[in-house]
Amino acid sequence: MQENREQQKGEQEKGFEFFAMISRMKYIERWALMRNSISENISEHSLEVGIIAHGLAVIGNRRLGKNYSEERAALLGLYHDATEILTGDMPTPVKYYNTDILDAFRKVEDNAARRLLSMLPQDLTEDFKGIFFPKKEEEDLWKLVKAADKLSALIKCIEEEKLGNGEFASAKKAVEEFLNQMALPEVEIFQREFLSAYEISLDEL
């Protein structure tokens, strides 16, 4: 018991690195293989994903009779790419090139998640574990987060197109196909009612 207290005291004096590490999301750039008109980091992306995931949950609850935890959807969205602080943003064509690469990268992501959790005080670890290691009972929320992630990517493609950058044309088509395959009514509603506003200028909003 005394040894544990001394260990905790030593850790407190050193400081825990978790939140300082999470704040470094702003240094990890997305779309590394693409020519970008406007750069985007995973901190910016994660905020947008959290906002959209929350919106999808609200749509599901109000329009479709679902029982999503709206706040939890937002939280999962905020942290969904946190492991990329340690792994970097793996370009989609590389990550999904074959199952061997994908399986290997998922193991790397698992190790990165465990490393981030190890940066927390032991008594707080359990509260964050479900953010990094999805729970079976939150499978529907994680689908919303995945959809929000893809919607954020689609919005990025639209914004680049507005600036005359044709680099994202193929990415836009691939993202649209992925979203169609998800066949989530929440996503269909979001696309129908909100997506077109991203194509207009500030003066037109």
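**Helix packing and the nonpolar core**

Helices α3 and α11 are roughly perpendicular to each other, because angles from 65 to 115 degrees count as roughly perpendicular and the axes of these two helices cross at roughly 105°. This is a predicted model, and in it the two axes come within 9 Å. On the α3 side, the meeting residues are I52, L56, I59, G60, R63 and L64. Their partners in α11 are P185, E186, V187, I189, F190, E193 and F194. Sorted by class, this contact has nine nonpolar residues, one polar residue and three charged ones.

In soluble globular proteins, nonpolar side chains tend to be buried together. Here, the largest nonpolar core has 49 residues, and those with the most contacts inside it are F18, L56, Y79, F128 and F132. Two or more residues each are given to this core by α2, α3, α4, α7, α8, α9, α10 and α11. The largest share, twelve residues, comes from α9.

Helix α4, which spans residues 70-79, deserves a look of its own. Seven of its ten residues are buried, so α4 is largely enclosed by the rest of the structure. The buried residues are E70, R72, A73, A74, L76, G77 and Y79. What covers them includes α2, α3, α8 and α9.

Technical notes
Residues are numbered from 1 along each chain as its sequence is written. This is a predicted model: local features need pLDDT of at least 70, side-chain atom pairs count only at pLDDT 80 or more; totals for chains, interfaces and linings use all residues. Side-chain values use heavy atoms; hydrogens and water are left out. A nonpolar core is a set of buried Ala, Val, Leu, Ile, Met, Phe, Trp, Tyr and Cys residues joined through side-chain atoms within 4.5 Å. Buried means under 20% relative accessible area, exposed over 50%, partly exposed in between (1.4 Å probe, protein chains only). Helices (H or I, at least four residues) and strands (E, at least two) are DSSP runs, numbered from the N terminus. Axes are lines fitted to C-alpha atoms, for helices over the stretch in contact, and angles run from 0 to 180 degrees between N-to-C directions. Angles under 35 degrees count as roughly parallel, over 145 as roughly antiparallel, 65 to 115 as roughly perpendicular and the rest as oblique. Contact means heavy atoms within 4.5 Å. Ala, Val, Leu, Ile, Met, Phe, Trp, Tyr, Cys and Pro count as nonpolar, Asp, Glu, Lys and Arg as charged, and the others, Gly among them, as polar.
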